[in-house]
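Subject: Structure for you, with notes on its aromatic rings

Hello,

Here is the structure I promised to send. My notes follow below it.

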Amino acid sequence: MARAGLWSALAFALNLAWEIAHVRLYTLWASADGLSVAWALFHCTLGDVVIALAMFALAVVMLGDKDWPISRPWGGCAIVVAGAMAYTAWSEWYNVYRAGSWGYTTNMPLVFGIGLSPLLQWLVLPPVMVAVYRALGPGLLGRHETLPTIQTNDFKRGSP
């Protein structure tokens with residue numbers, strides 16, 4: 001649980017920064033009031049955390065290793081990047097062209113009609129998350145792994 005918590009905290013911080021940086025590439029920026037933009041940033045960041053956690057869990061299952069950012073960073077990161085980019089491509093297409101939930105400004109670079117910024121978000125941030133996890137994880141999570149054992153005396157009833 002602590003591993004998922006660390007991963008979620010990293011996902012929240014980094015994705016919030018990314019969402020703030022690229023919000024002007026969406027039509028919401030020009031058409032909504034400040035409170036609506038702030039809510040959208042928070043809402044989208046929480047969605048990013050869900051994506052990041054789902055991809056973290058997928059890497060755990062595929063690699064059979066709950067601490068893959070430490071022991072198998074390249075393989076786990078590849079799984080996270082591929083899965084998150086695939087989901088994001090579908091989500092952007094669906095929400096822009098089918099549901100009309102959001103739109104791009106003319107400043108958003110497109111790749112096959114999908115915004116480049118959200119795709120880059122999932123290409124850039126997972127490796128950064130893995131690097132920070134590897135730097136912070138042993139110090140934060142290590143104490144959970146090496147709890148001292150309590151010595152007990154093993155005895156049978158009636159023995160001296």
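W7, F56, W68 and Y133 are linked into a cluster by ring pairs. Rings of Phe, Tyr and Trp (its six-membered ring) pair if their centres lie within 6.5 Å; planes under 30 degrees apart are stacked, over 60 edge-to-face, the rest tilted. The count by this rule is 10 aromatic pairs.

This is a predicted model: local features need pLDDT of at least 70, side-chain atom pairs count only at pLDDT 80 or more, and totals for chains, interfaces and linings use all residues. Residues are numbered from 1 along each chain as its sequence is written, and side-chain values use heavy atoms, without hydrogens and water.

Take W7 and Y133. Their ring centres are 6.3 Å apart and the planes meet at 65°, so this pair is edge-to-face. W7 sits in helix α1 (residues 2-22) and Y133 in helix α6 (residues 116-145), so the pair ties together parts 126 residues apart in sequence. Helices here are DSSP runs (H or I, at least four residues), numbered from the N terminus.

W7 and Y133 are both buried. Buried means under 20% relative accessible area, exposed over 50%, partly exposed in between (1.4 Å probe, protein chains only). Y133 has 0% relative accessibility.

Y133 also pairs with F56. That pair is tilted, at 6.5 Å centre to centre and 45° between the planes. F56 lies in helix α3 (residues 34-63), 77 residues from Y133. F56 is buried too, at 6%.

W93, in helix α5, is partly exposed at 36% relative accessible area.

Best wishes

Methods: Helix = DSSP H or I, 4+ residues; strand = E, 2+ residues; numbered from the N terminus.
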